[in-house]
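Here is a quick tour of the model, with the cut-offs spelled out along the way. Have the viewer open while you read.

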Amino acid sequence: MSLSMLAYNELVDIYGISEIVAFTPPPPPLVERESEDSWETLEAELADCKRCPLCKTRQTIVFGAGDRNAELIFIGEGPGHEEDLSGIPFVGKAGQLLTKMIEAMHYKREEVFIANVVKCRPPENRDPFQNEVDACIGFLRRQINLVKPKVIVTLGTIAAIHLLKLDAKISKLRGSFREYEGMKVMPTYHPAYLLRNETKKKDVWQDLKQVMALLGKQP
Ligand code: SF4
């Protein structure tokens with residue numbers, strides 16, 4: 001079955017035919033404008049965004065939070081229930097664990113930038129569909145270009161494969177640096193996964209220690 005057919009069937013399951021018609025034709029691709037971009041432009045373009053079907057079920061667009069000049073960015077896949085309500089990324093249990101990870105690296109949470117691949121919550125916390133990622137990831141790429149961090153830490157498979165355009169499980173990707181537009185990227189496990197698999201915390205700490213070393217921080 002073709003990818004477009006798969007996406008069509010997914011939309012039928014979730015929204016029904018009438019909603020699909022409402023989203024046809026697909027929105028124009030997001031223009032990425034590095035040289036003239038600004039946070040104000042980005043915020044204006046994201047306000048009340050309806051570029052993908054996730055706008056139908058979200059409560060809030062979760063823009064991202066933290067230091068816009070940070071040397072370190074953390075990227076997850078998308079908002080969960082509590083993030084959808086609050087508009088703040090990583091505030092649930094997984095978010096609390098992420099905060100501990102950040103503090104273990106000798107940063108305050110407000111000293112790093114935190115964002116997601118999609119800015120609206122996928123229903124039931126499912127993985128975002130390809131068409132949703134395609135519609136939204138340009139915003140993330142523009143955020144990264146505006147922050148210009150030294151290091152990006154991706155959390156979980158979804159963030160790693162879509163940012164890096166790779167096709168592999170996080171268990172294969174984690175543990176070594178990749179490159180994204182001249183910036184170092186360390187893929188590691190998502191804190192939500194760590195809540196279910198405590199034994200993987202030591203692997204994440206190994207990954208984060210490599211990041212710390214690159215940033216001149218002592219473990
Ligand atoms: S997920 Fe992204 S592209 Fe889709 S509606 Fe939300 S902000 Fe727009």
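## Ground rules

A residue counts as buried if 20 or more other C-beta atoms lie within 10 Å of its own, exposed if 12 or fewer, and partly exposed in between, with C-beta atoms placed from the backbone. Helices (H or I, at least four residues) and strands (E, at least two) are DSSP runs, numbered from the N terminus.

This is a predicted model: local features need pLDDT of at least 70, side-chain atom pairs count only at pLDDT 80 or more, and totals for chains, interfaces and linings use all residues. Residue numbers start from 1 along each chain as its sequence is written.

## Helix α9

Helix α9 runs over residues 201-214, 14 residues in total, and reaches 20 Å from its first C-alpha to its last. That is close to the expected 20 Å, taken as 1.5 Å times one less than the number of residues.

Val204, Asp207 and Val211 are the buried residues to look at in α9. They sit on the same side of the helix because they cover an arc of only 65° around the axis, going by the directions from the helix axis to the C-beta atoms. The face turned away from that buried side carries exposed Lys202, Gln206 and Ala213. The cover over the buried residues includes α4 (93-104), β4 (151-155), β6 (183-188) and α8 (191-196); a contact here means C-beta atoms, placed from the backbone, within 7 Å. After α9 comes Gly216, with a positive phi near 75°.

## The nonpolar core

A nonpolar core is a set of buried Ala, Val, Leu, Ile, Met, Phe, Trp, Tyr and Cys residues joined through C-beta atoms within 7 Å. The largest one has 46 residues, and Ile73, Phe74, Ile75, Val112, Val117 and Val153 have the most contacts inside it. Its largest share, 7 residues, comes from α5.

Leaving aside residues up to four places away in sequence, Val112 touches Gly66, Asp67, Ala70, Leu72, Ile73, Phe74, Ile102 and Tyr107.

## Two positive phi values

Most residues other than glycine have a negative phi. Asn125 has a positive one, near 60°, and is found in the loop between β3 (113-116) and α5. Asn125 counts as partly exposed, because it has 13 C-beta neighbours inside 10 Å.

Lys148 also has a positive phi, near 50°, and lies in the loop between α5 and β4. With 14 C-beta neighbours inside 10 Å, Lys148 counts as partly exposed.

Conventions. Two residues are in contact if their C-beta atoms, placed from the backbone, lie within 7 Å.
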